[in-house]
Amino acid sequence: MKKFGTTLIVICVYFKSFAQVGIGTNDPKGALDVFSTNNGFIVPRVANVSLQTIGNPINGMIVYDISLNCFNFYENNAWSGCKSNNAPVSQCANSSNIYSFTYNNKNYELVKENKTWEEAAACAVARGGYLSEINDISEQNAIFNELSNNATITTSNTTAPDGGNAAYVWIGGNDMLTESSWAWNGDNNSTYTLFWYGRFDGNAIGGLYNNWGKDSIRLLEPDDYLNNQDALGLALTNWPNGSSGEWNDLNKDNTLYFLIEF
């Protein structure tokens with residue numbers, strides 16, 4: 001009897017391993033064939049920030065990104081960003097709204113179109129780059145010089161009410177995964193570099209560069225105003241807690257211009 005039971009289990013596993021499953025059809029054409037004339041198929045729906053918490057994703061995985069309202073694919077060992085727009089993904093920004101410049105053998109694009117931080121990150125990836133990650137004071141100064149002197153920005157078009165109504169552009173930092181753990185993650189995927197821990201009284205991680213808003217005595221940012229500021233903006237104008245060129249934590253749903261790095 002024991003031998004018969006073992007044989008039966010093996011036969012069932014073998015059958016299931018090679019079966020084609022049909023839902024709504026008796027003649028499936030693949031491993032899973034879903035047929036309907038009046039209904040749809042719903043894939044898992046996941047917030048964009050939660051993609052980073054999916055354990056061991058593999059190439060070919062797909063979810064519906066409820067933050068960006070698009071299908072998000074895992075390919076080349078990274079989440080690819082939005083690929084369901086009517087226009088090709090590389091056209092997520094109009095070329096007439098892009099100012100390009102180069103610093104230290106790296107290319108940058110300032111996109112003068114208003115997007116949330118997550119939308120901006122998806123557009124950066126679609127264009128083959130990522131939201132800019134500023135690593136030292138020389139890069140900071142070069143970028144700010146281009147933005148303030150050459151990019152012809154109308155600052156009133158890219159303001160954040162929760163950032164003292166100052167003008168900002170999105171860059172690639174956020175603390176969306178873990179509050180107060182600020183990471184460079186300009187392509188919004190599962191690979192990132194932590195550079196700051198805490199609020200204004202926190203500290204740099206590993207001595208990495210930062211340029212938070214401050215007064216003449218101390219840092220005043222990041223402050224997580226209203227417990228709802230998780231994305232990094234580079235200020236183009238002064239605000240009560242800092243000066244133009246410095247960084248501020250902002251609500252990620254502000255719609256701002258953004259800086260892509262390649």
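Visitor: Which way do E11 and E15 run, and how many bridges join them?
Guide: E11 and E15 run antiparallel, and four bridges join them; strands (E, at least two residues) are DSSP runs numbered from the N terminus, and two strands pair if DSSP finds at least two bridges between them. This is a predicted model, in which local features need pLDDT of at least 70 and side-chain atom pairs count only at pLDDT 80 or more, while totals for chains, interfaces and linings use all residues. Residues are numbered from 1 along each chain as its sequence is written, and side-chain values use heavy atoms, with hydrogens and water left out.

Visitor: What is the bridge partner of tryptophan 170 in E15?
Guide: In E15, that partner is glycine 233.

Visitor: And how does E15 pair with E16?
Guide: E15 pairs with strand E16 (residues 247-250) in the antiparallel sense over four bridges, and leucine 232 stands opposite aspartate 249 in E16.

Visitor: Is E15 mostly covered or uncovered?
Guide: E15 is mostly covered, since five of its five residues are buried, where buried means under 20% relative accessible area, with a 1.4 Å probe and protein chains only. Ala231, Gly233 and Ala235 point one way from E15, and Leu232 and Leu234 point the other way.

Visitor: New topic: which residues touch the most other members of the largest nonpolar core?
Guide: Of its 24 residues, they are Leu110, Leu147, Leu234 and Trp247; such a core is a set of buried Ala, Val, Leu, Ile, Met, Phe, Trp, Tyr and Cys residues joined through side-chain atoms within 4.5 Å.

Visitor: Which element gives the most to this core?
Guide: E11 does, with three residues.

Definitions and conventions
Buried means under 20% relative accessible area, exposed over 50%, partly exposed in between (1.4 Å probe, protein chains only).
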